[in-house]
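Please read it alongside the sequence and coordinates.

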Amino acid sequence: MTSIPQPPPGERNPLRALTLDRLRRRTSMKWRTYPADVLPLWVAEMDVPLAEPVVRAVTDAMELGDTGYPAGTDYAEALAAFAGERWGWDGLAVERTAIVPDVMLGVVEMLRLVTGPGDPVIVNPPVYPPFYQFVEHMDRRILEAPLGADLRIDLGVLEEAYRRAVADGGRAAHLLCSPHNPTGTVHTAGELAAVAALAERYGVRVVADEIHAPVVTASARFVPYLSVPGAERGLSLMSASKGWNLAGLKAALALAGPGAAADLARMPEEVGHGPSHVGVLAHTAALRDGTDWLDAVLAGLDENRRLLTALLAEHLPGVVHHAGEATFLAWLDCRALGLGDDPAEVFLRRGRVALSSGIPFGAGGAGHVRLNLAASPEVITEAVRRMTAALG
């Protein structure tokens, strides 16, 4: 295996702070799914040390034995303060929030509140594969409204999906990914307001997965769905999970617009027992005291986006890559390489680099791969070298 250089002492970029040997001591999914000779750039885990305020909060909890059930509104209050400072949104009402185990289980609970068995749930593929898995497992049916060629919401296609969804007079929901995974698209205020207007016109309930909201470039502006006109009946899920690499510390928040407060109030109390209390403490600390760390990660991700663009142009010019404005994921169109519908399988087998196959992302995913940018520049460089070698 090619040697990955060690980061220099005192490195301020969290993405450069850990050696590959140290990362391989981790036992999470990213590092245990494939053999040690595979470079893993697939699942959405970041190669970073945790923010110091998060480590301190968890350590304090361990020392106190503070490992019971979650309680209180500290998480919601921290998110409200973060939203005001980061996004200029002062409309996050703490009284219209609820703690849920994680974003996808929160999505399931929200969809249960506003739809019934057999009802359609609209998604915008290519999109996060668990949207399909969780929705179908809960006995709802997927209705696709694909993104346009520009990887943005196609309002004409979306309206037609809304029309079809309610044609029989039943209930329907739109599971909106914002920012969008895997494309990194940041929906504008105008686009979201148009979605809200269509949803009201057709009686469709919007549930927004906003887990990647903290991971947005300085050149873009994240707009919370519940902040746009017409979104009063909307529901949203937010979390510090992706922004601070806390997937293993389970916690998220469900948010309701003013017109959805009664729906959120119907959620069973037991759902709030599912999150990790230690997770809630960690997420709260991240939002309150971890913004400097987050900004350092965002700066490192900007460097990696520019690096990947340059590497692909030099070594894999057949790959089409539109650098996203959010998330730490890159969506790569590999169709011109002649590797078939699943180039990820070829890159893994021939190049020993693990990327996410585009096929499970739904319509528009075949021939694509998703690459995790939350790694050191040296690892990104080695990944592109391996991808190039896989074509030989």
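## Helix α4 against α10

In this predicted model, the crossing of α4 over α10 is left-handed. The two helices, α4 (residues 74–87) and α10 (residues 277–289), have axes 9 Å apart and pack at an angle of about 20°. Angles under 35 degrees count as roughly parallel, and α4 and α10 are therefore roughly parallel to each other.

From α4, the contact involves Asp74, Tyr75, Glu77, Ala78, Leu79 and Phe82; their partners in α10 are Val280, His283, Thr284, Leu287 and Arg288. By class, the residues of this contact are 6 nonpolar, 2 polar and 3 charged.

## Helix α3 against α10

Helix α10 also packs with α3 (residues 52–64), where the axes come within 8 Å and cross at roughly 145°. The crossing of α3 with α10 is right-handed.

On the α3 side, the residues in contact are Pro53, Val54, Ala57, Val58, Ala61 and Met62, and α10 contributes Val278, Leu281, Ala282, Ala285, Ala286 and Asp289. The contact of α3 with α10 divides into 11 nonpolar residues, no polar ones and 1 charged.

## Helix α7 against α8

A further helix pair is formed by α7 (residues 155–165) and α8, which pack at an angle of about 20° with axes 10 Å apart. Helices α7 and α8 are therefore roughly parallel to each other. Their crossing is right-handed.

Leu155, Leu158, Glu159, Tyr162 and Arg163 of α7 touch Glu191, Ala194, Val195, Leu198, Ala199, Arg201 and Tyr202 of α8. This contact of α7 with α8 is made up of 8 nonpolar, no polar and 4 charged residues.

## Domain arrangement

The protein is divided into two parts: domain 1 covers 14–53 + 290–390, and domain 2 covers 67–288. Taken over C-alpha atoms, the centres of domain 1 and domain 2 are separated by 25 Å.

At the interface, 33 residues of domain 1 contact 33 residues of domain 2. About 2,600 Å² is buried between domain 1 and domain 2, and carbon and sulfur atoms give 61% of that area.

## Backbone features in loops

Most residues other than glycine have a negative phi, and most peptide bonds are trans.

The peptide bond from Pro125 to Pro126 is cis, with omega near 0°. Pro126 sits in the loop between β3 (120–123) and α6 (130–137). Ser178 and Pro179 are likewise joined by a cis peptide bond, with omega about -10°. Pro179 belongs to the loop between β5 (173–177) and α8 (189–202), and α8 is the helix that packs with α7. Asn245 is not a glycine, yet has a positive phi of about 60°. The loop that holds Asn245 runs between β7 (235–238) and β8 (252–256).

Terms used: Residues are numbered from 1 along each chain as its sequence is written. This is a predicted model: local features need pLDDT of at least 70, side-chain atom pairs count only at pLDDT 80 or more; totals for chains, interfaces and linings use all residues. Side-chain values use heavy atoms; hydrogens and water are left out. Axes are lines fitted to C-alpha atoms, for helices over the stretch in contact, and angles run from 0 to 180 degrees between N-to-C directions. Helices (H or I, at least four residues) and strands (E, at least two) are DSSP runs, numbered from the N terminus. Angles under 35 degrees count as roughly parallel, over 145 as roughly antiparallel, 65 to 115 as roughly perpendicular and the rest as oblique. A crossing is left-handed if the near helix is turned anticlockwise from the far one by less than a right angle, and right-handed if clockwise. Contact means heavy atoms within 4.5 Å. Ala, Val, Leu, Ile, Met, Phe, Trp, Tyr, Cys and Pro count as nonpolar, Asp, Glu, Lys and Arg as charged, and the others, Gly among them, as polar. Domain bounds come from an automatic or database domain assignment. Buried area is the accessible area (1.4 Å probe) that two parts lose on being put together, summed over both.
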